[in-house]
Amino acid sequence: MTTRLFGQKITRREDPRLLTGHGRYVDDVSGSAIAAAFVRSPHAHADIIDIDVSGALDVDGVIAVWTHEDLPGEAAQRLPMLIPHPSIVAPHTGYALAKDHVNFVGEPIVMVVAENRYIAEDAANRIEVDYRFCDPVVGVEASRAGTRIVHEGMTDNVAAHLVQEVGDIDSGLGGAPHVLELDLEFERSACMPMEGKGVVARWDSGDGSLEVHSSTQTSTGLRAVLAAKLELPLTKVEVITPDVGGAFGVKINHPWPEELAVACAARALETTVKWTEDRREHFISSAHERAQTQWVRVGFDDEGRILGLDVKFWHDNGAYLPYGVIVPLNTSTHIMGPYAIPAFRVEYWSLYTNTVMVTPYRGAGRAHAVFMMERTMDAIAAELGLDRAEVRLRNFVREFPHPMGLRMQDGAEGCIDSGDFVTSLDKLKSLVGWDEFESYREQARSEGRQVGIGLACYIESTGAGPYEGGHIEIESSGRVNVWTGLTSHGQAHATVFAQIVADELGVPLDTVHVTTGDTRKLPYSVGTWGSRGAVMAGNALHLTAKKVREKALRIAGESLEADPEDLEIVEGMVQVKGDASASMPLAAVSVLSNPLRYAFDESARAATQFAKESDEDEPSIRPGEQPGLEEQEFFSPLRSTVANGIHAAIVETDPETADIRILRYCVVHDCGPMVNPLVVEGQVHGGVAQGVGGALYEKMAYDTDGQLLNASFMDFLMPFASEIPHVETDHLETPSPLNPLGIKGAGEAGTIPAATAIASAIEDAEGIAIRSMPLDPSTLWHMRADHAADAAHSR
Amino acid sequence: MTESLDTEPTSTIRLTVNGTLHVLEVPDRKLLSDVLRQDLELTGTHVGCEHGVCGACTVQLDGEPVRSCLMFAGSAQGHEVTTVEGIGDDPEHPADVQQAFIDCHGLQCGFCTPGFITTIDAYIDENPHPSEEEAREAVSGNLCRCTGYQNIVSAVQRAAELRAEGASQ
């Protein structure tokens, strides 16, 4: 029997290529292509009065200079609103090149195409744009005040407004013995993948087709939108996503203005045009995430059980809303977390500001939800003098499935399909030494050290639909080719999907080859986001492999004169169960499935011995059959799965400098059965690192004019190895009933609760309420001073 | 006013990369990273920030790690440049540091990885038995957004082990 590969810590099959310089990222695809560079707005809010491109046209090597009026047809119209939602009251999107007006620093206005990027940038620097300045709206407070308006024709800055309610909040809160209110702030950060965005567009004037390589999270989505915007038949556009140097959400929006403008230029110039984003461009024109102002009112009993939770929050969505309201919607639907709350009301306003747009970043919207709920849990514990873990335990959902009564991002009602929060908490307490911490604190105190422990629980809706597909073919060599429409940006798709397929087909892992993100073979796909890869494509490929296997057994059964039910596949050989003497290689079955007359290779020659005598009364291919050992199948779930977990952090804060050090970081994580625990661990580690960055370092520092003051890696601090703690993990595997493999997503688990767990630990160390993140030493130092002054004042 | 390539200063440079001598006519302002990637098609060296912070573009200059995005190609004349391809370019037979990354799951998207490989390759010659703390310090000049570093730190120590094994054979 072949060893089951599902659940094995298989080392990654993509590694040798990537480690030896053979990765192919988008900028590697066409080094010699002509290059585009963009003139971007230096102002946050202005009318464009005039653009003088004459200086650029004189530069030797410049091929084209485009402004908005050079964009053709649909490409000149506004970019699409990708995910409309009933809560959106004022949908505004931008243009590929700004039309008459700019709404954030970094908005593209002019595209220069030249022999190379150096020349394109020289020319871009010579373009003069005259502006009439408008007052910018920066930050939630200014937007909410509504004294300045981002978009002309609006009377306020509200892009979307939504209320959802479960139970009766008035009686829930009204009858509660205790009521607390919290005002909270959450940071604005950004995905910041090491590879920025990029696109290479090649126009073939011979057949009028466009081939695009893009560093995107959705090649099928980009294909559809480019076909629509360039007014081309879908079949004349193909999008290929090569290796992608990280994405974390920012590459899900599409088309980015540059993708559309560059594709238009390739067609107009009948050549290949590329654009590779530089880091400054990424800072000022690629999406950010996170910024919210939050208000919580909670009612609870003497035991700390929540009776009613009323939440309002104001979300800064930046200048445009191309990706809809996924971020605030996710926040609103994840606040209740793993808790059974009888009465809940959430209301949000998503607001325009003159800053870079906000689209999902790893943990999209959920990290903010955890901040609200878990800061509330700590506040309840503090109010009642109870252990923080105990308060959570008393509020946990204990019966599954647990309908949440809220409409999620996929349009379905949210439902926690599986989990065991009590066991998860037990595991976490034991992993981090929760019950022994007080003695550690005492010991530290005797050494003059100040330490604190914190925790944060979360749920995450993962594996959202609507569907994902797989395509598998077995070559006559026995090689198994697997396609998924999903793109891959470090999630080890080539390994984990090969594990799933190899298991089902009974073939050695090294015969399975996975291709991702290529619309030429599998044009139906949604994209890689929201921890959905393994859930959606994993199950789709599992079902596809089943279908291929059934076909293989059917064909082999005819040759082996056996009932397909009695056959199995072991190590690539189809055999009668328990009798290896009656067998044939899968490679030969592939030949038989495609009754060509040519013996083009060894397998084809050998397969002739298995061929049945032809039946004169039957065609070679029977009705309903297709040649080839090749199938496609799709998986479409009823609703999202819900993964969960708990994080704990132990921090030390310096009594003098307020420096914050993370001493320990522990994660208990439940994503159902793990296809490859090595990969899941890696996702958790990386997620935690991004969470730690968000907790302590990363903040987009806009001034009141809308200038981003820290648009470089020298000023926007991302953690290095020296800042990230060793992460200790434990897992609980409660399978989801919503898909055949029982998988729940894992991609964002590490990030979602990290900032909140660290906030909890800092609060515990300092004895000062932490109500906003990120928290750097300087801020903490000032908070201490304020706290001491308040304490002195109240004496 | 015109800006022309004709007036842009170029030079003929002799660049030894991964043991091979190249004679190239390049603009004086062209970065070493761009010449490696575009002129020599050694695309293993990646550009992540172009301001010397992230380390993705790290190559070895006479065996010492340097940022190729902060250096003009002309400045590398007369020096030996080693890129990730020069450390090992055969996926079937990765070099010791590359194998260590496979063993330890030290990469996810792989974009920053060549910069780590070139850095660590030089480091373990200097310190053949790094402690965990030293290993962490060794890679603390390179940014990675995927892995959380833990497995990269393990890979430094694993690479040192593999090199010691290789040396003793």
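User: Which side chain does B:Arg29 meet in a salt bridge?
Analyst: That would be A:Asp122, at 2.7 Å from N to O. Keep in mind that this is a predicted model.

User: How many salt bridges are there across the interface of chain A and chain B?
Analyst: The rule finds 4 of them between the two chains. For polar contact, it finds 27 residue pairs across the interface, with both residues at pLDDT 80 or more.

User: And which elements of chain A give two or more residues to the side that touches chain B?
Analyst: Those are α1 (15–19), α2 (26–29), α4 (117–124) and α19 (677–696). The most comes from α19(A), which gives 8 residues.

User: What's that side made of, by class?
Analyst: On chain A you get 27 nonpolar, 17 polar and 15 charged residues.

User: OK, how many residues are in contact overall, and how much area gets buried?
Analyst: Contacts link 59 residues of chain A with 53 residues of chain B. The two chains bury about 4,800 Å² between them, and 58% of that is on carbon and sulfur atoms. A:Leu19, A:Tyr118 and A:Met194 supply 17% of the area chain A buries against chain B, more than any other three residues.

User: Switching topic: which residues of α14 in chain A are buried?
Analyst: In that helix, residues 437–446, the buried ones are A:Phe437, A:Arg441 and A:Ala444. They sit on the same side of α14(A), because they cover an arc of only 65° around the axis.

User: What do they pack against?
Analyst: The buried residues of α14(A) pack against β18 (451–462), β26 (641–653) and α20 (754–766), which belong to chain A too.

User: And what's on the face turned away from the buried side?
Analyst: There you find the exposed residues A:Ser439 and A:Ser446. After the helix comes A:Gly448, with a positive phi near 80°.

User: Last one, A:Pro777. Where is it, and is it buried, exposed or partly exposed?
Analyst: A:Pro777 is in helix α21 of chain A, residues 777–794. Its relative accessibility is 29%, so A:Pro777 counts as partly exposed.

User: What does A:Pro777 touch, leaving out residues up to four places away in sequence?
Analyst: A:Pro777 touches A:Thr657, A:Ala658, A:Asp659 and A:Ile660.

User: How far is A:Pro777 from A:Ile49?
Analyst: Their C-alpha atoms are separated by 45 Å, and the two residues are 728 residues apart along the chain.

How values were computed. Residues are numbered from 1 along each chain as its sequence is written. Chains are lettered from A and ligands numbered from 1 in the order in which they are written. This is a predicted model: local features need pLDDT of at least 70, side-chain atom pairs count only at pLDDT 80 or more; totals for chains, interfaces and linings use all residues. Side-chain values use heavy atoms; hydrogens and water are left out. Contact means heavy atoms within 4.5 Å. Buried area is the accessible area (1.4 Å probe) that two parts lose on being put together, summed over both. A polar contact is a pair of N or O atoms within 3.5 Å; within protein, one must be able to donate a hydrogen and the other to accept it, and residues adjacent in sequence count only if both atoms are side-chain atoms. Helices (H or I, at least four residues) and strands (E, at least two) are DSSP runs, numbered from the N terminus. Ala, Val, Leu, Ile, Met, Phe, Trp, Tyr, Cys and Pro count as nonpolar, Asp, Glu, Lys and Arg as charged, and the others, Gly among them, as polar. Buried means under 20% relative accessible area, exposed over 50%, partly exposed in between (1.4 Å probe, protein chains only). The arc is that of the directions from the helix axis to the C-beta atoms.
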